[in-house]
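Look at the model below with its sequence beside it. The paragraphs after it go through a few of its features.

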Amino acid sequence: MRSVGWPNHWVKRQARTLLAWSLLIFLFLLTTVLSETFRSPAVVTETFKGATFVGMAAAAEFFVVVAGGIDLSIGSVATISGMAAAVLMNGRDQNIPLAVAAALGVGLVVGVINGLLVTWVKITPFVATFGMLYVLQGVAYSYSVNPVGQAAPTFYNLYEDSIAGVPVLLLVMVGFWGICWYVATQTAFGKHLYAVGGESGAARLAGVRTTRVSFASYVICSVVAAAAGLLELTQTYVGTPDLGATLLLTTITAVVIGGVSLFGGQGSVIGVLGGSLVLAFLGQFFDSVQVNAFFQQLIEGLIILALLGIYRQRVKR
Amino acid sequence: MNVERALVSARGIYKHYGGIRALADVSLDIGSAEIHALVGENGAGKSTLVKIMTGAEKQDAGQVMVDGREAQLTPEKARELGIGAVYQEPSLIPAMTVLENVFLGWEQRFGLGLLDHRRMRREAAAALDNIGARIHLETEVATLSVADRQLVEIARALVQQARVLIFDEPSAVLSGVELERIFNVIKELRSHGLGILYISHRLAEIFELADRATVLKDGRVVASRPVNELTMEDLIHLMVGREIGARHLRPEAARDRIVLEVDKLALGQDREPISFELHAGEVLGLAGLVGSGRTRLANALGGIRPARAGVVFRNGRPVRLKRPSDAMRAGIVVIPEDRKREGLILGHSVRENLALASLKELSTIGMVSAKAERRLASEAVKVFAVRPPAIDVATGTLSGGNQQKVVLGKWLVRKPSAEVVVLDEPTRGVDVGAKYEIYNLIDALVARGSGVVLISSELPEVIAMSDRVLVMSAGNIVGELKRGELSEERILRLAVLGREHELAASEGGGDAA
């Protein structure tokens, strides 16, 4: 008896996610119809690969936002992690483990600091991570204003390598999103993230360790952002201090298009995946119909406003 | 109840919030298969005790014993020991499903942190069935009725093997059939051996439900007896009688000019429209329990939340009250209950807060004159005895009473002066000295010819200040008492029993009068 009406409940709860994916499918079909170049599997694969970097950063941001916070330092974490890895690798394969460890270590340290600033010092997340953004950007530029270091061949080859015909990058992506989905939906920790973001007081009364949960969300966010910085290095070969400048806005765009509420407590990993793919395909679409990048920004802005308007209407009803 | 048999006992609990005493030497036992009612007026300390017994707050002194052993309670610890609670305030996550909420903080898992969805689904369904709740597990809690939410909270406690269940005033948010359903569930739980602590200030339901009643007054236990040894009269008598101290009475208002006439104001569905008049120079008390509709009425008069229908007349002319600026223009000022959020901008200086409602008067060609603003603030601080008498300190640094004086001052310095002033709990959280200064301000208001509507949960205050009192219950005005007729017992009886009682009294020949 209890399963009656299940699909209906599911659709209601997943409405935002479904909206993001509908947008993606629409965009995919539109590009396929309008652009001949797009119709080759290679271009589609390239587009997917292009979405890994932003996608990973967006997933990082998802964990903080769904728990009711925000992390503005995410772009600079990726920058520093990429620079550190490039410098330590210095073009040599044997340095890869050290470089990877250092890059992720950067993420861990920043995440712990962000987490403490928010939960212990009790600075508003927006301000705390905004400060961190500046600190890290300052560190990056004072180290070098020019690209530094050099990725090792085995490392940057990941971008082109494939296993049994499937690009390694796509395998990484599938694995990564699988883990994120698992954590968010199949674990108690995931439920607690939603609960803290949804109604922190009620979560506390239910016995959820709310400060611990939001602290953890910042650590996860920074570590995953650092991993995204590493991944981007496979494509850029060198560590660039201005890598993160645009990343922040792009990730927040992906998170919003993916249907995550910036007030916390609502949204899904699958939605964020959809959101980051929408951005990648939108870029591809504008490339293929040869419209300049500024126009693309305008369209992205309109999409965000339209989606937020739709969500808002749903809330009112 | 002897201590060995009690599941949970409070022993000599003390709790202060700032300088205000919430609980003093409170002891209470909850036994197995017992429904224990905790009653008392608003602010008697009931909710504080609940918070302490569920680990949400820490007592200053005293112990909570579980199974005869002292326990250091946190929310997690309380739950482990089998203490569950159904709160009045939202303690469910609206955006999550019923299933997720039932198991929040209690998730069942396999290894690797993987959730055992099948088991949770089964247990939640069983718990809901147990209490006869037909609620789908995948429903978002936001879409449930208040009664269903309470059932979800009960199911949550059952799933967590609670042996003691605390209900924090379910009747404040439920009524009729829905409340009856919760009562049946509570009785069913008792028959399974659970200990129930039932908080309420509605006395009729105590007699329907409880085995034992403990009465709190001003944070102290004044009685704890089996219900069958108590009568309604006893309970009312035990609850009232708080001291306010001596206070000179104002001469009674002349009541020769009506400044405000409220005609059939509709405040909500299934509520009777409300009508009354307010005279110049009169203090009209509005008494009633929390949730009786007093604040809703204040918000309607202030244009904060417009009424659904009905007309308000000012000096005989109908006025539109769709937004706060309408009310200001009509000379009606509503001073809200939540002064920290709705009455003041805490981070701004006393001067800025005082001037906020008078900026237009202080400006020439769109520029606010700093000099005029300072003059206004300095005078107001002197007249309203704000301490410290500084105008450039942040308002948030003042004590509660002085903050309230700033709120009052903001409206009272405004020209032209408001003829109708509605005060919603003006002395809540205010120390005794400041209370009297606020009473003096009210006297000053009526002396200059304004009509004042005073909403207060403190009956002695309502009685001492008002020329007339309207008693509200469940959104309706259930009685009007003139100065000579005012007593705490009469007000409380109307507020608690509502009109039902009047009917019963007139039919039964006034046996309870």
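This is a predicted model: local features need pLDDT of at least 70, side-chain atom pairs count only at pLDDT 80 or more; totals for chains, interfaces and linings use all residues.

Residues are numbered from 1 along each chain as its sequence is written, and chains are lettered from A and ligands numbered from 1 in the order in which they are written.

Start with helix α5 (residues 96-119) and helix α11 (residues 210-236) of chain A, whose axes come within 7 Å and cross at roughly 150 degrees. Helices here are DSSP runs (H or I, at least four residues), and strands are runs of E (at least two), numbered from the N terminus. Axes are lines fitted to C-alpha atoms, for helices over the stretch in contact, and angles run from 0 to 180 degrees between N-to-C directions.

Next comes the contact between the chains, to which chain B gives 26 residues and chain A gives 25 residues. Two residues are in contact if their C-beta atoms, placed from the backbone, lie within 7 Å. On the side of chain B that touches chain A, helix α2 (residues 75-80) of chain B gives the most, with three residues.

Most residues other than glycine have a negative phi. A:Ala164 is not a glycine, yet has a positive phi of about 50 degrees. A:Ala164 lies in the loop between β1 (162-163) and β2 (166-167) of chain A. B:Lys264, in strand β11 (residues 258-266) of chain B, also has a positive phi, near 50 degrees.
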